[in-house]
Amino acid sequence: MVRAVLAVIGSYVLMFVLLFLCFTGVYLTLGVNFAFRPGVYDVSHRWLAMALAVNFVVPAIAGLVCAAIAKGGRAPIAFAVLVLAVGLLLGALKGQPQGPNVRTGDVPNIEAMQHARNPVWAVFGMPFVAAIGVLVGSRLRRKS
């Protein structure tokens with residue numbers, strides 16, 4: 001039981017850190033024009049496509065780690081439920097940023113995170129993609 005709890009907590013921390021590093025790295029590498037539509041804080045279609053991939057692959061890695069640490073049991077399922085629940089809760093609590101949607105020039109990473117406007121389908125769909133990624137990743141452990 002303790003191993004399963006540690007597997008879920010450790011995997012969630014790993015997933016959080018990897019997601020932050022991936023999104024920050026992509027933003028700093030490809031820039032504001034890759035992330036946003038011209039002149040506004042609405043995220044671009046390219047950013048959404050990249051986010052779908054990252055929100056599947058990174059949780060799959062974390063699911064694999066969770067299954068490896070837990071060594072069987074239902075820890076990966078609990079992890080997937082946690083990812084889904086926290087993602088939906090954060091999506092519901094955050095809502096869309098208030099204020100003007102006008103963006104001028106380059107925007108620092110933190111400011112971009114605060115003002116980014118995602119479509120509603122992405123806000124509530126990404127937690128499902130992440131939860132599926134966790135389950136797929138945990139299955140990779142079981143097959144090897």
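How are H1 and H3 oriented to each other, roughly parallel or roughly antiparallel? In this predicted model, the axes of helix H1 (residues 2-30) and H3 cross at roughly 155° and come within 8 Å. H1 and H3 are therefore roughly antiparallel to each other. Angles under 35 degrees count as roughly parallel, those over 145 as roughly antiparallel, 65 to 115 as roughly perpendicular, and the rest as oblique. Axes are lines fitted to C-alpha atoms, for helices over the stretch in contact, and the angles between N-to-C directions run from 0 to 180 degrees. The crossing of H1 and H3 is right-handed; a crossing is right-handed if the near helix is turned clockwise from the far one by less than a right angle, and left-handed if anticlockwise.

Residues are numbered from 1 along each chain as its sequence is written, and side-chain values use heavy atoms, with hydrogens and water left out. Because the model is predicted, local features need pLDDT of at least 70 and side-chain atom pairs count only at pLDDT 80 or more, whereas totals for chains, interfaces and linings use all residues.

The secondary structure of the protein chain comes to 6 helices and 0 strands, where helices (H or I, at least four residues) and strands (E, at least two) are DSSP runs numbered from the N terminus. Read along the sequence, the pattern is α-α-α-α-α-α. The C-alpha trace spans about 50 × 30 × 20 Å along its principal axes. Of the 144 residues in the protein chain, 38% are buried; buried means under 20% relative accessible area, exposed over 50%, and partly exposed in between (1.4 Å probe, protein chains only). Among contacts with a separation of 6 or more, 78% are accounted for by residues 24 or more positions apart, contact meaning heavy atoms within 4.5 Å.

The mean pLDDT of the protein chain is 91, and 94% of the residues score at least 70; pLDDT is the predictor's confidence in each residue, from 0 to 100.

Helix H4 (residues 75-94) packs with both H3 and H1. The axes of H3 and H4 come within 9 Å and cross at roughly 145°, and this crossing is right-handed. On the H3 side the meeting residues are Ala62, Gly63, Cys66, Ala67 and Ala70, and on the H4 side Ala75, Pro76 and Phe79. H1 and H4 pack with their axes 9 Å apart, at an angle of about 45°. That angle makes H1 oblique to H4. The crossing of H1 and H4 is also right-handed. Here Ala4, Val8, Ser11, Tyr12 and Met15 of H1 meet Ala75, Ala78, Phe79, Leu82, Val83 and Val86 of H4.

Ala4, which lies in helix H1, is partly exposed, with a relative accessible area of 25%. Apart from neighbours within four places in sequence, Ala4 is in contact with Ala70 and Ala75. The C-alpha atoms of Ala4 and Gly73 are separated by 7.7 Å, although these residues are 69 residues apart along the chain. The loop between H3 and H4 also contains Lys71, which is exposed at a relative accessible area of 60%. Phi of Lys71 is near 55°, a positive value in a residue other than glycine.

Asn109 is found in helix H5 and counts as buried, at 16% relative accessibility. The side chains of Asn109 and Thr24 are joined by a polar contact of 3.4 Å. A polar contact is a pair of N or O atoms within 3.5 Å; within protein, one must be able to donate a hydrogen and the other to accept it, and residues adjacent in sequence count only if both atoms are side-chain atoms. Leaving aside neighbours within four places in sequence, Asn109 is in contact with Thr24 and Tyr27.

Ala116 lies in the loop between H5 and helix H6 (120-143), and Arg117 is found in the loop between H5 and H6. Ala116 is buried, with a relative accessible area of 13%, and Arg117 counts as buried at 17%. The C-alpha atoms of Ala116 and Pro59, 57 residues apart along the chain, are separated by 22 Å. For Arg117 and Val43, 74 residues apart along the chain, the C-alpha separation is 6.1 Å.
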